[in-house]
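Here is a briefing on one protein and its ligand. Keep the structure open while reading.

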Amino acid sequence: MPKRITDHNIKSSDLDDNALSVVADLHAHDFEAYLVGGCVRDLLCSVKPKDFDVTTNATPEQVRSIFRRTRIVGRRFPIAHVRFGRELIEVSTFRQGMIDQVETNEQGLILKDRVFGTIEEDAFRRDFTINALYYDIRAEAVLDFVGGIEDLQAKRLRFIGVPAERLAEDPVRMLRAMRFAAKLNFTLDPVLEDFMDDTADRLEEIPSARLFDEFLKMFLSGYGEAVWHLLKETPLARSLFPSCDPDSQLVADAMRNTDERIANEQPVTPGFLVAVLLWEDFQARRALDNPENKPALNYDIAMDTLAVQQQHIAIPRRFSIFAREVWQLQDRLVNLHPRHVQRVLHHKRFRAAFDFLCLRGKTDKILEQRGEWWHTLQFAETAIQNKMIDELPKGHSNPRGKRRDRKSPRTLFS
Ligand code: ATP
Ligand code: MG
């Protein structure tokens with residue numbers, strides 16, 4: 001029997017209307033339905049949930065027959081996505097408890113799991129005790145089958161079951177452990193240390209598209225700096241970002257900056273972090289393979305830098321192009337030339353490239369001054385802008401005094 005906790009801090013006004021209506025409609029069709037996972041955990045920790053997940057004994061097809069705008073997703077385990085305008089409620093069906101009925105590979109990695117079970121079986125299939133808490137809306141009670149409440153109070157992240165087995169089933173759980181520990185300021189089970197090297201290797205088996213989703217959750221949820229701080233001390237950092245120095249100051253600064261932007265409700269894009277994480281590798285390759293800084297070669301070097309990362313985390317094209325464009329503008333922002341200033345200022349990536357320059361400027365006086373110059377320029381009136389541009393030393397159109405190779409792409413590093 002689960003523990004039933006009615007003395008808790010969850011108020012009905014904290015709950016999401018759409019999730020509530022999904023639960024109520026499932027009840028009306030005589031199904032069981034609960035709020036589950038991150039939303040219950042976060043509410044109990046007085047943190048605003050990112051999203052609300054529902055779990056039920058209705059199968060995904062039954063869920064689809066009740067809600068009009070429903071899509072069934074997930075290859076390993078099918079889940080119903082019920083859409084309400086821009087909001088999506090994930091409705092999962094109770095998973096079965098018999099892990100030996102689940103299809104795994106030789107290492108124990110779960111490949112397919114399409115048999116459904118009871119709420120209790122479902123609880124034991126979740127990853128961490130604090131993620132296996134169910135909220136019964138009608139009774140206003142939290143149901144705890146696995147000791148999650150106790151761990152929550154002790155601020156402890158604990159795997160349900162044997163960590164080695166749970167990590168073998170799904171190594172991404174190690175990344176999730178770091179993310180939740182960082183987000184909630186919980187302690188990680190010290191035993192996880194022993195599995196770091198193995199998990200780092202095993203992340204190679206995970207589809208790179210899934211790792212991109214995980215990358216977004218880790219670094220674009222508002223607590224990326226704390227996640228990075230934990231991750232960079234482990235071999236997982238090298239496994240995810242093989243060409244990034246875990247001690248890079250630029251990366252640490254960018255993570256903090258991203259968190260601040262999210263807190264201030266400013267827009268953020270994964271493309272910017274991609275540019276940051278790979279910048280030093282790009283620079284090193286450029287110094288080695290293109291000492292004369294030829295534009296056409298730089299284009300290839302940028303592509304190579306990105307291609308190495310793509311083998312680990314699938315970066316959608318629009319974000320890798322974004323990163324390349326931010327890199328491209330760096331030379332133009334640093335080597336000021338009167339003829340190029342207006343074009344750079346009106347480039348669609350100017351704002352991101354300028355922010356990137358300012359981050360670089362945190363550890364480099366000259367770059368910091370360049371950042372200040374562009375800062376003044378972009379907010380100045382036209383007359384002042386013209387004066388600033390006039391005052392720049394007039395040189396050859398190419399700062400290195402060479403003609404542009406006309407065959408090279410104009411848009412990159414030219
Ligand atoms: P958040 O949404 O705040 O990132 P969450 O805990 O809700 O955190 P989701 O990825 O939305 O995370 O998953 C919802 C729930 O599904 C989790 O709380 C957990 O119970 C279960 N779950 C998700 N991924 C796994 C996994 N890889 N292994 C086992 N259970 C999982
Ligand atoms: Mg969630």
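The points below run from the overall fold to the ligand site and then to single residues.

This is a predicted model. The protein has 414 residues, of which 51% count as buried. Its secondary structure comes to 19 helices and 12 strands. Ligand 1 has 18 residues around it, and the protein covers 88% of the 590 Å² of accessible area that ligand 1 has on its own.

**Overall fold**

- The C-alpha trace spans about 80 × 50 × 40 Å along its principal axes.
- The protein exposes about 20600 Å². Carbon and sulfur atoms supply 49% of that area.
- Take the contacts with a sequence separation of 6 or more: residues 24 or more positions apart account for 66% of them.

**Nonpolar cores**

- The largest nonpolar core has 91 residues. Leu26, Leu35, Phe219, Leu231 and Phe241 have the most contacts inside this core.
- Which residues does Phe219 touch, not counting residues up to four places away in sequence? They are Gly224, Val227, Trp228, Leu231, Phe241, Met255, Thr258 and Leu273.

**Ligand site**

- Arg41, Asn131, Asp170, Arg173 and Arg179 come nearest to ligand 1 among the 18 residues around it.
- By class, the shell has 14 charged residues, three polar and one nonpolar.
- Three helices, α2 (38–44), α7 (172–184) and α9 (208–219), each supply at least two residues of the shell.
- Which element gives the largest share of the shell around ligand 1? That is α7, with five residues.
- An oxygen atom of ligand 1 is 3.0 Å from an N or O atom in the side chain of Arg176.
- For the side chain of Asp53, the distance from a ligand 1 oxygen to an N or O atom is 3.3 Å.
- For the side chain of Lys183, the corresponding distance is 3.4 Å.

- Arg179 is one of the residues that come nearest to ligand 1, and it lies in helix α7.
- Is Arg179 buried or exposed? Arg179 counts as buried because its relative accessible area is 4%, under the 20% cut-off.
- Leaving aside neighbours within four places in sequence, Arg179 is in contact with Glu214, Lys217, Met218, Tyr223 and Val227.
- Val227 is also among the residues that Phe219 touches.

**Positive phi in loops**

- Most residues other than glycine have a negative phi. Two residues here depart from that pattern, as follows.
- Ser46 has a positive phi, near 60°. Ser46 is found in the loop between α2 and β3 (53–56).
- Ser46 counts as exposed because its relative accessible area is 60%, over the 50% cut-off.
- Asn185 has a positive phi of about 60° although it is not a glycine. Asn185 lies in the loop between α7 and β12 (187–188).
- Asn185 is exposed too, with a relative accessible area of 61%.

**Thr305, inside a helix**

- Thr305 lies in helix α14 (residues 295–310).
- Thr305 is buried, with a relative accessible area of 0%.
- A polar atom of the Thr305 side chain lies 2.6 Å from the backbone oxygen of Ile301.
- Not counting residues up to four places away in sequence, Thr305 touches Leu278, Asp281, Phe282, Arg285 and Trp327.
- Thr305 and Asp364 are 59 residues apart along the chain, and their C-alpha atoms are separated by 23 Å.

**His347, between two helices**

- His347 is found in the loop between α16 (341–345) and α17 (350–361).
- Its relative accessible area is 24%, so His347 is partly exposed; that class lies between the 20% and 50% cut-offs.
- A polar atom of the His347 side chain lies 2.9 Å from the backbone nitrogen of Arg349.
- His347 touches Gln328 and Leu329, not counting residues up to four places away in sequence.
- His347 and Glu325 are 22 residues apart in sequence and 9.7 Å apart in space, C-alpha to C-alpha.

Definitions and conventions: Residues numbered from 1 in each chain as written. Chains lettered and ligands numbered in written order. Predicted model: local features only at pLDDT ≥ 70, side-chain atom pairs only at ≥ 80, totals over all residues. Heavy atoms only, no water. Near = heavy atom within 4 Å. Polar contact = N/O pair within 3.5 Å; in protein donor to acceptor, adjacent residues only side chain to side chain. Areas by Shrake-Rupley, 256 points an atom, 1.4 Å probe, with all protein chains shown as cover. Helix = DSSP H or I, 4+ residues; strand = E, 2+ residues; numbered from the N terminus. Nonpolar A, V, L, I, M, F, W, Y, C, P; charged D, E, K, R; others polar. Buried < 20%, exposed > 50% of the residue type's maximum accessible area, 1.4 Å probe, protein only. Contact = heavy atoms within 4.5 Å. Core = buried A, V, L, I, M, F, W, Y, C linked by side-chain atoms within 4.5 Å.
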